[in-house]
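Dear colleague,

I am handing over the structure below, followed by some notes on what was found in it. Please read the notes with the coordinates open beside them.

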Amino acid sequence: MSDGLRNSGAADWGRRGGLPMTDIREALMVGRTSDGKLVRRPLSPHLQVYKPQITSVTSIMHRITGVGLGVGTLVLVWWLVAAATSDAAYDRATWFIGSWIGLLLMFGWTAALWYHFANGVRHLFWDFGYGFDLPTAHATGKATAVATVVLTVLTWIIIFAAG
Amino acid sequence: MSDPKAPQVAIMRSMLGRARGLGAAKSGTAHWWSQRATAIALVPLSLWFVASVIGLLGAPRAAVAAWAAGPITATLLLATIAALFQHLHLGVKVVIEDYIHAERPRMFWLLALKGLIGLMALASAVSVLKLAFTG
């Protein structure tokens, strides 16, 4: 079994490349090179035994807020369509947005928007090659959390001052 | 490297293709690029949109219609709609691909997502155009 399974090039995996499997899940983590040779792929620890870190928590939060904002676009579409339909339709949409459940949802979406915005900018810096080292990634992760709180509170102060 | 007993899987790929190391049609990074391009566009557009909407709080429909009818506003609204729904489609597509493994349900949800987001984007754009042309 292990003879033909070469390591995939990951540093800590190399030592185990020629050893027999110790974990049944490794059987599913077999890939192949461009010439068809079978290789072992590195296997991540299971989520349940993986200690949450700033980097992993900010990552999954980005996905969760993104999906949440996607649901929020339903209200955005409703608002735009209502504005183009009639006064009565527009009043219905703004009545919902101004109701307590509407305001609660809007508060959640504002927080999600600023989180996704701040962490998205963090991602764009990574895409340009900056801030990949762990101390910087941890610092920008904390800055993302602070920016979310500050921008959300600031937005609602402006909303209540305007309304 | 040339162990004759090593397990092999027959693949359809020429030696030239392997040497060049290129993907199937050089479009492998299209999703990634589009996600970034729309993200960059949404940085100023989302700030502008949030500020505009706060300015319209409590305003009657006529005021919203007058605002959206301006050619620059209508252009920026359409740009926001295009970037937002493209970004949303790309993002949720990956979520579906990550968590739904079976072929048929995955295909169903990917198509449902495409249809739903396409309709939402069209409804938004038509509404903006209607406000822009008829008020």
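In this predicted model, A:Arg63 forms a salt bridge with B:Asp98, the closest N and O atoms being 2.9 Å apart, where a salt bridge is a side-chain nitrogen of Lys or Arg within 4 Å of a carboxyl oxygen of Asp or Glu. Because A:Arg63 lies in helix H2 of chain A and B:Asp98 in helix H4 (residues 71–99) of chain B, the pair joins two chains; helices here are DSSP runs of H or I with at least four residues, numbered from the N terminus. The rule gives five salt bridges over all chains, and the count between chain A and chain B is three.

As to conventions, residues are numbered from 1 along each chain as its sequence is written, while chains are lettered from A and ligands numbered from 1 in the order in which they are written. Since this is a prediction, local features need pLDDT of at least 70 and side-chain atom pairs count only at pLDDT 80 or more, whereas totals for chains, interfaces and linings use all residues, and side-chain values use heavy atoms, with hydrogens and water left out.

Turning to the interface, the contact (heavy atoms within 4.5 Å) takes 38 residues from chain A and 43 residues from chain B. The area buried between the two chains, meaning the accessible area (1.4 Å probe) lost on putting them together, summed over both, is about 3500 Å², and carbon and sulfur atoms give 70% of it. Within chain A, the residues that lose the most area to chain B are A:Ser34, A:Arg63 and A:Leu80, which together account for 16% of what that side buries.

Six residue pairs, both members at pLDDT 80 or more, are in polar contact across the interface of chain A and chain B; the term means a pair of N or O atoms within 3.5 Å, where, within protein, one must be able to donate a hydrogen and the other to accept it, and residues adjacent in sequence count only if both atoms are side-chain atoms. On the side of chain A that touches chain B, the elements giving two or more residues are helix H2 (54–83), helix H3 (87–98), helix H4 (100–127) and helix H5 (134–162) of chain A, and H2(A) gives the most, with 14 residues.

Best regards
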